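Hi everyone, thanks for making the time. I'd like to walk you through one model today, so please get it up on your screens and follow along.

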Amino acid sequence: MIAHNQLLQKFLLLSCAAATLTCSVLVNGAEANGESEFAGKRIVSVLDEPRHRTVHKDGDLYLLDVQVNPGDISLPHTHNSALLVIQISNGNGPLYGRLSANTDYVTTPGTHELPNAGPGLLRIIAMTNLGPGEQDVASGRPRGVAGEPEIENPWFRSYRIKLAPGAETPVMLFENPSVVVQVTEGKLHVTRVDGITAELDEMAKWTWRDARSAYQVSNAGYDAVEFIVSEGRR
């Protein structure tokens with residue numbers, strides 16, 4: 001995770017420079033530029049940062065819809081739990097669900113600001129897991145999901161799935177709560193075994209499924225669609 005944090009630090013500093021904004025990044029408690037720019041600023045928890053809007057809560061799991069407008073910057077905010085990030089777009093355009101995770105925050109909280117130089121919207125769908133996680137990393141893999149997870153650690157497991165027009169997944173069953181996030185344009189139907197269906201019809205649309213809730217995802221449009229399904233592990 002050290003390499004990941006170094007890349008995160010570099011990305012944030014470059015974003016600040018591009019936005020002609022002065023900001024400091026704390027990664028794992030260490031200042032990136034040797035001096036704090038947070039003096040006199042209100043530092044908040046990530047769950048209290050207004051651009052990190054909580055859109056769903058399930059026990060220790062929080063789903064966040066992060067939106068930073070062009071030219072804006074978040075409040076300095078602190079992460080102190082495992083974090084899963086699905087990047088929908090940055091100021092320069094779509095990122096199509098670029099995935100990353102930071103589990104170092106569990107033991108070493110980090111504080112940073114999130115700037116957006118523009119010209120477009122910065123948007124992220126994120127999950128934070130305040131629980132202890134599942135230490136047997138490979139245990140409890142879902143039924144009905146082919147292939148290897150793109151992310152798998154004690155707190156999260158994520159799969160990227162692409163469906164051709166008219167195609168559908170097998171019935172999937174996750175032991176933990178899960179979220180389906182559409183990351184390309186198109187139309188998806190997420191159907192429970194009782195027939196109740198949620199329709200996703202644009203990037204960043206999502207639907208939550210409870211633990212041990214069986215469901216199937218189908219492509220109801222005319223183009224191939226990608227989505228990410230992630231579980232918050234307990």
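Let's begin with β12, which is mostly covered: six of its eight residues are buried, where buried means under 20% relative accessible area, exposed over 50%, and partly exposed in between, with a 1.4 Å probe and protein chains only. When I say strand, I mean a DSSP run of E with at least two residues, while a helix is a run of H or I with at least four, and both are numbered from the N terminus. Before I go on, a word on ground rules: this is a predicted model, so local features need pLDDT of at least 70, side-chain atom pairs count only at pLDDT 80 or more, and totals for chains, interfaces and linings use all residues. Residues are numbered from 1 along each chain as its sequence is written, and side-chain values use heavy atoms, leaving out hydrogens and water.

Back to β12 and its partners. Two strands pair if DSSP finds at least two bridges between them. With β11, the pairing is antiparallel over two bridges, and the two strands form a hairpin with three residues between them.

Now look at the loop between β11 and β12, where you will find N153. Is N153 buried or exposed? N153 is buried, at a relative accessible area of 11%. Its side chain reaches the backbone nitrogen of W155 at 2.8 Å. That is a polar contact, meaning a pair of N or O atoms within 3.5 Å; within protein, one must be able to donate a hydrogen and the other to accept it, and residues adjacent in sequence count only if both atoms are side-chain atoms. Leaving aside residues up to four places away in sequence, N153 touches A101, T103, V137 and R233, with contact meaning heavy atoms within 4.5 Å. Take R233 from that list: N153 and R233 are 80 residues apart in sequence, yet their C-alpha atoms are 8.7 Å apart in space.

Next stop, S74, in the loop between β5 (61–68) and β6 (77–79). S74 counts as buried, at 2% relative accessibility. Which side chain does the side chain of S74 meet in a polar contact? The partner is H77, at 3.4 Å. The S74 side chain also reaches the backbone nitrogen of L114 at 2.8 Å. Beyond four places in sequence, S74 touches E49, R51, H52, E113 and L114.

On to the aromatics. Rings of Phe, Tyr and Trp (its six-membered ring) pair if their centres lie within 6.5 Å; planes under 30 degrees apart count as stacked, over 60 as edge-to-face and the rest as tilted. How many aromatic pairs does that rule give? The count is one. The pair is F174 with Y215, stacked, at 6.2 Å centre to centre and 15 degrees between the planes. F174 is in the loop between β12 and β13 (178–182) and Y215 is in strand β17 (residues 215–219), so the pair ties together parts 41 residues apart in sequence. Both F174 and Y215 are buried. Y215 has another neighbour too: the charged end of R209 sits over its ring, 5.9 Å from the centre. For that label, NZ of Lys or CZ of Arg must be within 6 Å of the ring centre and within 35 degrees of the ring normal.

Most residues other than glycine have a negative phi, and most peptide bonds are trans. Y96, in strand β8 (residues 93–102), has a positive phi near 55 degrees and is partly exposed at 44% relative accessible area. A204, in the loop between β15 (197–200) and β16 (206–209), has a positive phi near 80 degrees and is buried at 3%. As for the cis bond, the peptide bond from G118 to P119 has omega near 10 degrees, and P119 lies in the loop between β9 (110–112) and β10 (122–129).

Finally, let's zoom out. The chain has one helix and 18 strands, and buried residues make up 50% of its 234 residues. Among contacts with a separation of 6 or more, 72% come from residues 24 or more positions apart.
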